[in-house]
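Reader: Could you walk me through this protein, step by step? I am new to reading structures.

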Amino acid sequence: MKGTVKASLKATVVGGGIGGLTAAIALRRTGHDVTVLERAPELREIGAGLSLAPNAMRALDALGIGERVRKHSAPSEVTGTLRTSSGRFLRRFREGRDEPLAAFHRAELYSALLAELPETLVHTGTEVIDPSEVDADVIVAADGVHSGFRHRLFPAAPEPGFRYTAWRGVTEPGAAPPVRSSFTMGRGAYFMIHPLPGGRACWALGAAESTPGARYPSEHAEVTRRVADWPAETRELVAATGPDAVLHNDILDLDPLPAFTSGRVALLGDAAHAVPPDLGQGACQAIEDAVVLAASLRDHPVPEALAAYDAARRPRAAYVTKQARGKAVADTSSAWWLHALLTVTVPLMPASVIRGQAAPLWDWTPPVL
Ligand SMILES: Cc1cc2nc3c(=O)[nH]c(=O)nc-3n(C[C@H](O)[C@H](O)[C@H](O)COP(=O)(O)OP(=O)(O)OC[C@H]3O[C@@H](n4cnc5c(N)ncnc54)[C@H](O)[C@@H]3O)c2cc1C
């Protein structure tokens, strides 16, 4: 280890999303003086669901907050339950064989993270785009997929790329009959369901689209049209979702960057490596980043710590990007032969093969904090 490790650093986190808040929690845990600057006038997450895989839950455990966060989740069997859009089950989740994910309402995961931080530490309505505006030993740029910091530090890096389009919704408590998690494979589209705590469910419809920005007068009506001949549970779930509760977003991702750090700035989360959501790893990777960055800053002086963070995180992010892009192509492909191949091979795949595919993602071990 070169140089000396300064006991307490002044750390500024730009962006109060899941990545930024987790970084703030991790840096506080390792004894630093942290400020979070968020440009939005209020702190909140969107009305949608998301799942955290074992790698992210283990990272939250390393932060000592896993149990408190887990309380807000419901187990999702989505990775073990696959069916076709005609309703034929290709696999069913089996307890003890398949591993559940933790499904959250985003707003509840967000509140659980926020509850771990003193209120005075997060400043809303504060936009930062230039490192020279920030008086800190280290800056964590967790400012999302359209990161201004990334733009400034790596002007030659390509802009986020469009992959496909997706709608999401959450039902109100009791609005739909209880659902089980599932991933439905259509041709050119998928539909994913997670149950949420409190008698709610969240869903996502992903679909191939040639151009970004397509929007519909009623997104709810458009989803209803697209799943008109899909399994009854799918249609019922969409019908049980309020028209205003349907969100429509383009799915964007980033090509791997030449570095995640520059000077005293570390990019983190989507700012560094936005990925398609098909492996449910975007927020998981932001959480991993946060834990690794805090451990590096605990163990090394800032320049060496940021070099260690870059060395640990960039290859992993590149791997996740490659895997998630591949899955995104398969999930939204209209090729009849690919769909036919998957419907034949998925039921034949031994559980060990399926688990083996997830192992590089899910078996990640966080540093001790
Ligand atoms: C359809 C869909 C489904 C998904 N499902 C999953 C899933 O199941 N599991 C999973 O792990 N991931 C999932 N993801 C990915 C996940 O949502 C993201 O990876 C994660 O939310 C990124 O968090 P972040 O904190 O890096 O960025 P963000 O959440 O984008 O936060 C960035 C924050 O920075 C603020 N900001 C921006 N610019 C500035 C500035 N100049 N100054 C100050 N503040 C600024 C923004 O207002 C925002 O609050 C999904 C994504 C999509 C689109």
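**Getting to know the fold**

Author: Happy to! In this predicted model, contacts between residues 24 or more positions apart make up 76% of the contacts with a separation of 6 or more. Let's take your questions from there.

Reader: What radius of gyration does the protein have, and why does that agree with a compact globule?

Author: Start from the chain, which has 369 residues.

Reader: How much of the protein is made up of buried residues?

Author: Here a residue counts as buried when its relative accessible area is under 20%. Out of the 369 residues, the buried share is 53%.

Reader: Where do the buried residues of helix α6 fall, seen down its axis?

Author: Helix α6 spans residues 219–226, and Glu219, His220, Glu222 and Val223 are buried in it. Seen down the axis, the buried residues of α6 stay within an arc of 160°, so they line one face of the helix.

Reader: Which elements are among those that cover the buried residues of α6?

Author: The cover includes one helix, α7 (232–239). It also includes the strands β10 (161–170), β13 (200–207) and β14 (247–253).

Reader: Is Trp336 buried or exposed?

Author: Trp336 sits in helix α11 (residues 336–345). With Trp337 and Leu341, Trp336 forms a nonpolar surface patch of about 400 Å² accessible area together. Exposed means over 50% relative accessible area. Because Trp336 has 58% relative accessibility, it counts as exposed.

Notes. Residues are numbered from 1 along each chain as its sequence is written. This is a predicted model: local features need pLDDT of at least 70, side-chain atom pairs count only at pLDDT 80 or more; totals for chains, interfaces and linings use all residues. Side-chain values use heavy atoms; hydrogens and water are left out. Patches are made of residues with over 30% relative accessible area and no salt bridge: like charges are joined within 9 Å, nonpolar side chains (Val, Leu, Ile, Met, Phe, Trp, Tyr) within 5 Å. Accessible areas come from the Shrake-Rupley method with a 1.4 Å probe; for residues, only the protein chains shown count as cover. A salt bridge is a side-chain nitrogen of Lys or Arg within 4 Å of a carboxyl oxygen of Asp or Glu. Helices (H or I, at least four residues) and strands (E, at least two) are DSSP runs, numbered from the N terminus. Buried means under 20% relative accessible area, exposed over 50%, partly exposed in between (1.4 Å probe, protein chains only). The radius of gyration is taken over C-alpha atoms; the globule rule is 2.2 Å times the number of residues to the power 0.38. Contact means heavy atoms within 4.5 Å. The arc is that of the directions from the helix axis to the C-beta atoms.
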